[in-house]
Amino acid sequence: MWYKLTRLNTLRNQMLFGFLAVMLVILCIVGLITYDSVSRLLTNNAEKHIQQTAVQANGRLEAILQQVDTLTTQVATDVFVQQVLEKEWSGSQATFAERQALLPSVNVAEVYASGVHSVELFTTDYRRLYPLDGNSLDSKISYRWINEALDSRGRLVWIGIDPYDPESVLAIRSVRLMNQWFSPGGYLLVRMNRAVFDISDSPMELQGRETMIVAGSDSKLIASNEKELTDEIIQPLMEAEGPEVELSGRRYMMVKQESSVTGWTLLILTPMSEITKGVSVLQTAIFVSGGIGTILFILFSFALSTIITRPVLKLIKTMRSMRFGVLQQAAEISSTNEINELNRTYNQMVDNMNDLIRLVYQKEIMQSQTELKALQAQINPHFLFNTLEALYWSLLEKDEDELAEYVVTMSDLFRYTITGAGRDEWVTAGDELEHIERYLVIMKMRFGDRLTWSISSDPGLDGYRLPKLLIQPVVENAILHGVEGKIGSGTVSLTVSLTDDGLVFIVEDDGAGMDEDAVRRLEHSLAKGEGYSSKGSGVGLHNVANRIRLYFGGKAGGPEAAARTNGIQISSRRGEGTRVQITIPAITEVPK
């Protein structure tokens with residue numbers, strides 16, 4: 001066998017196969033270049049065509065959305081809408097007749113905009129003004145979108161699919177009060193039919209073969225002409241950077257078009273098989289041309305090699321006795337790009353795994369530390385009470401009756417304060433006054449003759465209900481920021497009375513007091529629900545105001561007081577003391 005192969009190793013065969021190999025290489029290179037160029041040209045043309053189609057489709061959607069934007073802007077700047085919201089902003093609630101009169105102003109968008117299902121108007125505290133019934137704004141959308149509407153400063157923010165109604169699409173706009181330096185005055189919530197965003201009608205030549213998707217800014221599905229698509233499938237498509245993606249085992253060319261109005265993204269996925277359908281004809285032509293060229297080149301090469309080698313063959317016959325040495329093969333140079341790429345990929349994987357291991361290790365340490373802190377924080381209140389009781393009996397045995405009474409008072413104070421979650425949240429006015437009296441007894445032990453206090457209450461008020469520890473922080477402020485900051489002795493008084501506005505608690509002290517500017521800033525922070533502290537004195541009042549707002553809403557302290565500070569009125573003068581009046585509804589049963 002080896003001998004037969006050696007006999008074929010002639011100069012003519014070498015020239016024949018050498019020329020043939022060069023020709024095949026050239027044909028392959030030319031064919032590949034031609035195929036790649038034509039394929040790239042077809043792909044680029046298809047991509048441009050799809051991009052133009054995406055622009056057109058997105059333009060049709062944006063025309064509808066721009067109309068909604070224009071009409072909701074008209075609603076937001078309507079004179080009557082501005083007047084009603086400005087009235088709410090100033091603290092006065094709109095009347096029933098005023099809310100009914102909002103119908104022609106608010107319904108402009110619903111009447112003239114295509115696909116608008118409803119338009120709702122809310123105040124800055126999320127109450128719905130129009131329509132007249134319904135839930136608050138924060139029960140319909142998350143605070144993220146409300147804050148984004150505020151940050152957009154009056155521009156329309158498109159939310160996406162309504163989590164409570166999959167057939168609706170939501171948008172929100174912050175209404176700015178033009179007469180109040182464009183301060184936030186309320187919100188417009190627009191609800192549109194999801195069918196408006198139907199993109200099943202495609203103007204493309206490949207109609208019915210492409211997949212069209214409208215995805216929100218959070219990569220959630222808004223509309224599609226494919227019913228099987230889900231948010232999990234869309235997520236990797238939104239993250240893909242190249243024009244080619246894979247979906248359900250098929251290769252697609254993807255074009256993205258982001259809307260400047262909504263921030264949504266229109267995706268058009270066209271099967272690569274449809275785009276490269278014309279390339280298959282080119283591929284067949286290249287193979288046929290290559291085959292014919294190969295046959296012709298073999299014939300001409302055989303003839304040429306015969307002409308060239310014929311004299312050599314004659315020489316070989318006369319020189320048969322001569323021996324030829326073995327030709328040395330050239331060192332084969334192999335490419336190492338793939339190996340280098342494999343090494344780089346492996347090294348990156350090792351680095352990522354090390355980072356992941358280190359991250360998991362740190363998380364385990366943090367979790368262990370958190371669990372340890374949680375265990376350390378689980379102190380049983382009964383241990384505290386048992387310890388105080390043991391201290392009480394120990395002091396009695398040592399005839400320290402006064403200190404023992406203080407220990408009992410402290411124990412009762414802790415028992416009143418420390419309760420489980422959700423238990424005894426509402427107490428009677430009598431219980432609250434007893435707790436404040438125990439607190440004052442403890443403070444008397446600290447301040448001695450420097451502190452004088454008094455508690456007075458109208459008869460028959462002990463049965464009224466109020467949230468626990470609502471008044472005690474105010475008394476604490478009077479001692480710590482009034483009496484303590486005064487040179488000499490000070491007096492703190494608590495008076496409880498029943499008026500037409502409700503149950504009134506008045507805490508007075510003759511301490512350091514505050515100037516008018518500090519009182520005004522404190523009242524403003526309480527009305528806006530913002531934190532404020534003048535040497536720490538505003539923290540307790542801020543918590544009290546928040547609890548009154550939580551439990552009683554706008555009912556605390558009458559309309560005027562509720563509009564200002566949620567039932568808290570403050571009067572103070574520098575060097576003369578401070579007077580804090582808290583007014584809450586007079587109730588005898590815990591509200592459900």
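# Notebook: rings, sheets and cores

I began with the rings, and the structure holds 4 aromatic pairs. A reminder to myself: this is a predicted model.

**Entry 1, the tyrosines.** I looked up tyrosine 126 and tyrosine 143, whose rings form a tilted pair, 5.9 Å centre to centre with 55° between the planes. Where do the two partners of this pair sit in the chain? Tyrosine 126 is in the loop between strand E1 (116-122) and strand E2 (128-130), while tyrosine 143 belongs to helix H6 (residues 143-151). They are 17 residues apart, and the pair links distant parts of the chain.

I then checked whether each one is covered. Tyrosine 126 counts as buried because its relative accessibility is 18%, and buried here means under 20%. Tyrosine 143 has 44% relative accessibility, so I put it down as partly exposed.

My next stop was tryptophan 426 with phenylalanine 552. How are these rings arranged, and how far apart are their centres? The centres are 5.8 Å apart and the planes stand at 90°, so I noted the pair as edge-to-face. Tryptophan 426 lies in strand E11 (residues 426-428) and phenylalanine 552 in helix H16 (residues 537-552), so this pair ties together parts 126 residues apart in sequence. Both partners went into my buried column: tryptophan 426 is at 12% relative accessibility, and phenylalanine 552 is at 6%.

I traced an open sheet of 5 strands with antiparallel pairing, in the order E2-E1-E5-E4-E3. Which strands are at the edges? They are E2 and strand E3 (156-162), each pairing on one side only. On average, neighbouring strands of this sheet are turned by 30° against each other, direction ignored.

I took a look at one pairing in detail. E1 and E2 run antiparallel and are joined by 2 bridges; phenylalanine 122 has arginine 128 in E2 as its bridge partner.

Two helices lie across strands of this sheet, and I noted their directions. Helix H3 (residues 79-89) lies across E1, E2, strand E4 (165-177) and strand E5 (183-193), at about 75° to E4. Helix H5 (residues 103-112) lies across E1 and E2, at about 140° to E1.

Threonine 95 lies in the loop between H3 and helix H4 (96-100). Is threonine 95 buried or partly exposed? With a relative accessible area of 36%, I count threonine 95 as partly exposed.

Which strands did I find pairing with E10? Strand E6 (residues 211-215) pairs with E10 in the antiparallel sense over 5 bridges, and isoleucine 213 stands opposite leucine 267. Strand E9 (residues 250-258) also pairs with E10 in the antiparallel sense, over 7 bridges, and here valine 255 stands opposite isoleucine 268. The hairpin of E9 and E10 has 6 residues between the strands, and in it glycine 263 takes a positive phi near 80°.

I finished with the nonpolar packing. The largest nonpolar core has 45 residues, and Val68, Leu102, Leu121, Trp158, Met192 and Phe197 touch the most other members. Which helix gives the most to this core? Helix H2 (residues 11-76) does, with 9 residues.

Leaving aside residues up to four places away in sequence, phenylalanine 197 touches Leu61, Leu65, Trp158, Val169, Met192, Ile222, Ala223 and Trp264. A second core of 44 residues is separate, and I noted Ile471, Ile479, Ala518 and Leu541 among its members. As a general note, nonpolar side chains tend to be buried together in soluble globular proteins.

Methods. Residues are numbered from 1 along each chain as its sequence is written. This is a predicted model: local features need pLDDT of at least 70, side-chain atom pairs count only at pLDDT 80 or more; totals for chains, interfaces and linings use all residues. Side-chain values use heavy atoms; hydrogens and water are left out. A nonpolar core is a set of buried Ala, Val, Leu, Ile, Met, Phe, Trp, Tyr and Cys residues joined through side-chain atoms within 4.5 Å. Buried means under 20% relative accessible area, exposed over 50%, partly exposed in between (1.4 Å probe, protein chains only). Helices (H or I, at least four residues) and strands (E, at least two) are DSSP runs, numbered from the N terminus. Contact means heavy atoms within 4.5 Å. Rings of Phe, Tyr and Trp (its six-membered ring) pair if their centres lie within 6.5 Å; planes under 30 degrees apart count as stacked, over 60 as edge-to-face and the rest as tilted. Two strands pair if DSSP finds at least two bridges between them. Axes are lines fitted to C-alpha atoms, for helices over the stretch in contact, and angles run from 0 to 180 degrees between N-to-C directions.
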